[in-house]
Amino acid sequence: MLTVDITKKLSDFTLDISFTAPNKTLVLFGPSGCGKTTILRCIAGLMKPDEGSIVSNKTVFYSSKAATHLPPRSRNVSYMFQDFALFPHMNVKHNIWYGVKTHSQQANDLYEKLITLLKIEHLPHRTIIQLSGGEKQRVAMARALMAEPQILLLDEPLSALDAQSRYELQDELKKLQEIWNIPFILVTHSPEEAQALGSEVIFLHQGRQVSEPPPSWNMNANGKTTRSSFQYFY
């Protein structure tokens, strides 16, 4: 279980958020620029909050009172970036194994399990440039889980995919969360993704949690708000 209670002053507002993420998929939902990605970066250790605490099980990632700020490498958190951040000079297999410290039989078994679950058994020797968007997403997911994290952070993981790939990968994400049974924290501005993937959804507006999305919220493909009604979602 992950507990987050932090504040962070940003250019346009102060992020002030408190939540607990059990071993389910928690969705951070809201328009672009509302603080969603900042929360992920604070959990990962890529940004430092101004005050508060971040605790995973009994491990204190950050505490302003105790002057604790664990570096990213000590947090056992995997982060799937929006652009997947795959290495173009490596093939698929080398990308998935990147960062694995011990090439044991257990690690090899995990690798075989992941490429089977994600249906990429035929891709190990292909270069990244040869992959479709959906295949890149699957490779990025395999690499993230290959590290055996205690938390998986996903920043708009499906936003670059076509509709058919999004639907397929939504199902795969749900299955993977059930198998790994760790907190998946997913950022999206898509109401369909939030509804399909979230065991719980936190609505964010200018760095704060709101009880439900304002009626003026309706995110288009670029995460911008329009004036259309949003009531069909909630």
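**Exercise 1.** Are Phe-29 and Phe-203 buried or exposed?

Solution. The model is predicted, with local features needing pLDDT of at least 70 and side-chain atom pairs counting only at pLDDT 80 or more, while totals for chains, interfaces and linings use all residues. Residues are numbered from 1 along each chain as its sequence is written, and side-chain values use heavy atoms, without hydrogens and water.

Phe-29 and Phe-203 are both buried (under 20% relative accessible area; exposed is over 50%, partly exposed in between; 1.4 Å probe, protein chains only).

**Exercise 2.** Classify the ring pair of Phe-29 and Phe-203.

Solution. Rings of Phe, Tyr and Trp (its six-membered ring) pair if their centres lie within 6.5 Å; planes under 30 degrees apart are stacked, over 60 edge-to-face, and the rest tilted. The search of the whole structure gives four aromatic pairs. One of them joins Phe-29 and Phe-203, with 5.9 Å centre to centre and 85 degrees between the planes, and is edge-to-face. Phe-29 belongs to strand E3 (residues 25–29) and Phe-203 to strand E10 (residues 200–205), so the pair ties together parts 174 residues apart in sequence. Strands (E, at least two residues) and helices (H or I, at least four) are DSSP runs, numbered from the N terminus.
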